[in-house]
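This briefing goes through one protein structure, topic by topic. The sequence and the structure come first, and the notes follow.

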Amino acid sequence: MNKSVDLVCVGEVLIDFIGHEIASLDKTKDFHRFLGGSPTNVAVNAARLGLNSVLVATSGSDGFGDYIHQKLELNQVQTTYMRKSLALPTSVIFVSRSTQTPEFIPFREADREILEDQLPDALLEKARIFHTTCFALSKDPARMTILNRAHKAKSLGLQMSIDINYSEKIWPNRYEAHQVLKDYLSTNPLVKVSEDDCLRLFGEVKTEQAIFEYFHQLGVSTICLTKGKDGVVVSDYQIGTFNQPAIPLKEVKDSTGAGDAFWTGFLFARLQNKTMEDCIATAQKLASIKLQNVGRLPDHIRSLM
């Protein structure tokens, strides 16, 4: 089978309203509109790096939904498997502009309406990587769709992937989140998780060793733990554990989407069969570029890689 699709990103598409100035949400007066959602960011970043990326997601049948489709098509992301809900409006999130982990207030609507016919066998058979997020798994029907089709994708030999972007604001039932994650993690996905994600997911500070043991025991071979300015720690069955320091930056303009840029870089290098060290180096390079730009990555991103 011709693997003509590099990356299938499944999950939330939404509008990010990001604060114009660096401030907490209660102090933010003006917001700028951006295409948002973690798997959406990965799909767009990947397309701009020259990969063939497909986004499977649902917006509303409204002006924001139209804006989303225009932006995706402008960035050459395949939208064949997108839906526009007739019942629910496009999801929106208000985000503080921050140099650290930003505050956010979600208004979730259409993003959770991902249906099984949006992930047909014909798409999975020609794809190489299946990527989703904790956010996307937090509500039905998207949850059941993703879990069912993830097992099908695994059986077809796809490399699975997940960004464990857990937040109690999105998924208040932490026990349920762990149970659902166990199901997805049984497909042995590449795991991207941040220190902040872990604090929210476990409800307490855990050591790196405890974090890695938790995921390995659930059948995961490779875990990338991102630590902001303290770099990345990777635990992998084949190569063991190693640290890679962050790229030093003079100024951080906007941290929103940096994790998505990191993971896009990792998957981009992985598709080229790079070593784990090279995958992390590529990931950190893309994340550092994002940290120095507000909103999306710059237009000439391929030349910077």
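S53 counts as buried, at 0% relative accessibility (buried means under 20% relative accessible area, exposed over 50%, partly exposed in between, with a 1.4 Å probe and protein chains only). The model is a predicted one, in which local features need pLDDT of at least 70 and side-chain atom pairs count only at pLDDT 80 or more, while totals for chains, interfaces and linings use all residues. Residues are numbered from 1 along each chain as its sequence is written, and side-chain values use heavy atoms, with hydrogens and water left out.

**S53 and its surroundings**
- S53 belongs to strand β4, residues 53-56 (strands are DSSP runs of E with at least two residues, helices are runs of H or I with at least four, and both are numbered from the N terminus).
- Apart from neighbours within four places in sequence, S53 is in contact with L7, A43, A46, A47, V77 and Q78 (contact means heavy atoms within 4.5 Å).

**Whole protein**
- The protein has 10 helices and 14 strands.
- Its radius of gyration is 18 Å, close to the 19 Å that the globule rule gives for 305 residues, so the protein is as compact as a globular protein of that length (the radius is taken over C-alpha atoms, and the rule is 2.2 Å times the number of residues to the power 0.38).
- The C-alpha trace spans about 50 × 45 × 45 Å along the principal axes.
- Of the 305 residues, 56% count as buried.
- Of the contacts with a separation of 6 or more, 70% come from residues 24 or more positions apart.

**Helix α7**
- Helix α7 covers residues 208-217, and its buried residues are I211, F212, Y214, F215 and H216.
- These buried residues pack against α5 (174-185), β11 (190-194), α6 (195-202), β12 (222-226), β13 (232-236) and β14 (240-244).
- After α7 comes G219, which has a positive phi, near 100°.

**Cysteines**
- A disulfide is a covalent bond between the sulfur atoms of two cysteines.
- The count of disulfides is 0, where a disulfide is a pair of cysteine sulfur atoms within 2.5 Å.
- C9 is in no disulfide, and the nearest cysteine sulfur, that of C224, is 16 Å away.
- C9 is buried, with a relative accessible area of 0%.
- For C134, the closest cysteine sulfur is in C198, 11 Å from its own and too far for a bond.
- C134 is also buried, with a relative accessible area of 1%.
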